[in-house]
Amino acid sequence: MPLEFHCLCKSYGTNKALQNFTISLDNGIYALLGPNGAGKSTLINILAGLLDATSGHITYGGEDTLKMGERFRSLIGFMPQYPGFYPDFTARQLMVYIARLKGLSQSDAKQKSAELLGEVNLSDCADKKIKSFSGGMKQRLGLAQALIGKPKILILDEPTAGLDPKERVRFRNLISRLSQQMTVIFCTHIVSDIETIASQVLLLKKGELIAQGSVGELTQALVGKVWELSLSDSETEQFLTNDPCSSLVNKGGKPCVRCVCKTKPHKSATPCEPCLEDVYMHTFGDENEIKI
């Protein structure tokens, strides 16, 4: 069933954190991409029922989610950016506790908890206290608890913080598989996390949805406009200072500048294939340093 946002707005006095956000989502991975302060967390907190919208509304299957109340909340799995857990619980105790809160029987809670801890590679740590967990382990536990109850809508707020490269790949593969049966809203400003798995990328800037499309659709607009420049150290520093939308990349073991420009920006510039990172830098480069 479609999850639809209708002219959703959120204001704090004169500050508009979210402006007329309107979109319809089906099953798949929808990446909310934007710098800090773009409105990503505001949007998902409204969806999760943690914030009230100033105006507008959300429907699921044509029904207002506020009127659905507990029926709608039972469909949501939420992984916050900084999961807060009882530190003296073990991972297994926490999972069973949350499963019981969601209405599973004791036996089903134990079985499902074991399955999900295995999915996020925490089986060996299931009986260790959470206070002994690293940041990455807590992130994986946050995902596991969000999946209890087979949610129809999975909300992920900066979910890969603290994960090592191997676990990030495992995480992306799991989310990609799950998205066939649910709507996944993936809130991030780390481009590489979603470039290969997002069904749609939603670009948020100062509370507004300024663009949306597949990775291919968004990068297509920059074909013929992305360049790499081999410059001296002094030229590189000057270029990066004068063009906040440019970035420093490694090319064959040597640093070079990558930028978006309608015409050839320097005699050393060579054209290259655009990627989602280029879209990010072109859209947000003057607001926030990109994170790789």
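The largest cavity is lined by Glu119, Val120, Arg140, Leu143, Leu163, Glu167, Arg170, Phe171 and Leu174, where a cavity is a set of points, on a 1 Å grid over the protein atoms alone, at which a 1.4 Å probe fits but cannot get out, and a lining residue has an atom within 4 Å of a point. The model is a predicted one, in which local features need pLDDT of at least 70 and side-chain atom pairs count only at pLDDT 80 or more, while totals for chains, interfaces and linings use all residues. Residues are numbered from 1 along each chain as its sequence is written, and side-chain values use heavy atoms, with hydrogens and water left out.

Helix H6 (135–146) and helix H7 (165–178) each supply at least two residues of this lining, and H7 gives the most, with four residues; helices (H or I, at least four residues) and strands (E, at least two) are DSSP runs numbered from the N terminus. By class, the lining of the largest cavity divides into five nonpolar, no polar and four charged residues, with Ala, Val, Leu, Ile, Met, Phe, Trp, Tyr, Cys and Pro counted as nonpolar, Asp, Glu, Lys and Arg as charged, and the others, Gly among them, as polar.

The structure holds two cavities of 30 Å³ or more. The second largest cavity is lined by Phe5, Phe21, Leu25, Tyr30, Leu32, Leu43, Ile44, Leu47, Ile185 and Leu202. Strand S2 (15–25), strand S3 (28–33) and helix H1 (40–47) are the elements that give two or more residues to this lining, and its largest share, three residues, comes from H1. The lining of the second largest cavity has 10 nonpolar residues, with no polar and no charged ones.

A pocket, in contrast to a cavity, is an open set of points with protein on both sides within 12 Å along at least five of seven lines. Of the 18 residues that line the largest pocket, the closest to its centre are Arg73, Ile76, Ile98, Lys102 and Gln145. Two or more lining residues come from each of helix H3 (70–73), strand S6 (76–79) and helix H4 (91–101), with S6 giving the largest share, three residues. This lining has 10 nonpolar, five polar and three charged residues.

The volumes are tabulated below; each is the space filled by probe spheres set on the grid points, which are joined across faces, edges and corners.

| Space | Volume |
|---|---|
| Largest pocket | about 570 Å³ |
| Largest cavity | about 60 Å³ |
| Second largest cavity | about 50 Å³ |
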